[in-house]
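Hi there,

Here is the model I promised to send over. Please have a look at it, and then read my notes below.

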Amino acid sequence: MSAVSVVLATGNPGKVKEMQALLAPLGYRVRPQSEFEFEQPPETGDTFIENAIIKARAAAAATGLPAIADDSGLEVAALGGAPGVRSARYSGEHGNDAANNAALLKALEGQRRRQARFRCVCVCLRHAADPAPLIAQGVWPGRIMTELQGLDGFGYDPLFQPAGLNCSAAELSPEEKNRRSHRGQAVQALVTQLRIEPLQSS
């Protein structure tokens, strides 16, 4: 039986490798969106679920394959859940980690209530018009530190202290981070759903 191809709507090669390792035993071949030429849709949703579905639907429509996508961000209690879906552009410049971290520290100046959590949503669409996508979520609780610590990771990792640990997420090994993180939880939950509801080859 040949492997069922599924497109992963991301440009991150690390995510592709991780997802392939998890899905290969179930009979899937993960293909990165870089194998195909299509325009990336704007992430206009108000929630992580909406944005993940937007990305997955665009990938499924462009390739004719089942598609998996994720969306994630940081939710800070004292900021009413911000930056949330705007995590990657919190400073006003998309993907500028240093500026986003600086903006977060400024927003929390003098704030003692520093509880926060990372949230990730993974979705899988069987086809672009799938009315019942598989949806999995993961949450990683912790707090925002007062200064940057650690050189690994990305985004807000140097400021995020996971609950129960005395270090930042940027001080964890990639393996340890993947085991604990919001994204790792969401991916594992999606894999569990795919064991129960496997995708069919077209």
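Which element supplies the largest share of the lining of the largest pocket? The answer is strand S3 (67-76), with 5 residues of that lining. Helices and strands here are DSSP runs (H or I of at least four residues for helices, E of at least two for strands), numbered from the N terminus.

Before the rest, a word on the source. This is a predicted model, in which local features need pLDDT of at least 70 and side-chain atom pairs count only at pLDDT 80 or more, while totals for chains, interfaces and linings use all residues. Residues are numbered from 1 along each chain as its sequence is written, and side-chain values use heavy atoms, with hydrogens and water left out.

**Pockets and cavity**

Rolling a probe the size of a water molecule over the atoms shows where empty space is left. The search runs on a 1 Å grid over the protein atoms alone: a cavity is a set of points where a 1.4 Å probe fits but cannot get out, a pocket is an open set with protein on both sides within 12 Å along at least five of seven lines, and lining residues have an atom within 4 Å of a point. Points are joined across faces, edges and corners, and a volume is the space filled by probe spheres set on them.

The largest pocket has a volume of about 840 Å³. It is lined by 32 residues, and Lys 15, Asp 71, Ser 72, Ala 88 and Arg 183 are the closest to its centre. Besides S3, helix H3 (97-107) and H5 each supply at least two residues of this lining. By class, the lining has 8 nonpolar, 14 polar and 10 charged residues (Ala, Val, Leu, Ile, Met, Phe, Trp, Tyr, Cys and Pro count as nonpolar, Asp, Glu, Lys and Arg as charged, and the others, Gly among them, as polar).

The second largest pocket holds about 350 Å³. Of its 16 lining residues, Glu 18, Phe 154, Pro 174, Lys 177 and Asn 178 lie nearest the centre. H1 gives the largest share, 4 residues.

H1 and H5 are the elements that give two or more residues to it.

Helix H5 (residues 182-196) has 15 residues and reaches 22 Å from first to last C-alpha, close to the 21 Å expected at 1.5 Å a residue (1.5 Å times one less than the number of residues). His 182 belongs to this helix and is buried, with a relative accessible area of 5% (buried means under 20%, exposed over 50%, partly exposed in between, with a 1.4 Å probe and protein chains only). Leaving out residues up to four places away in sequence, His 182 touches Ser 72, Phe 118, Arg 119, Cys 120, Gly 138, Val 139 and Trp 140 (contact means heavy atoms within 4.5 Å).

Best wishes
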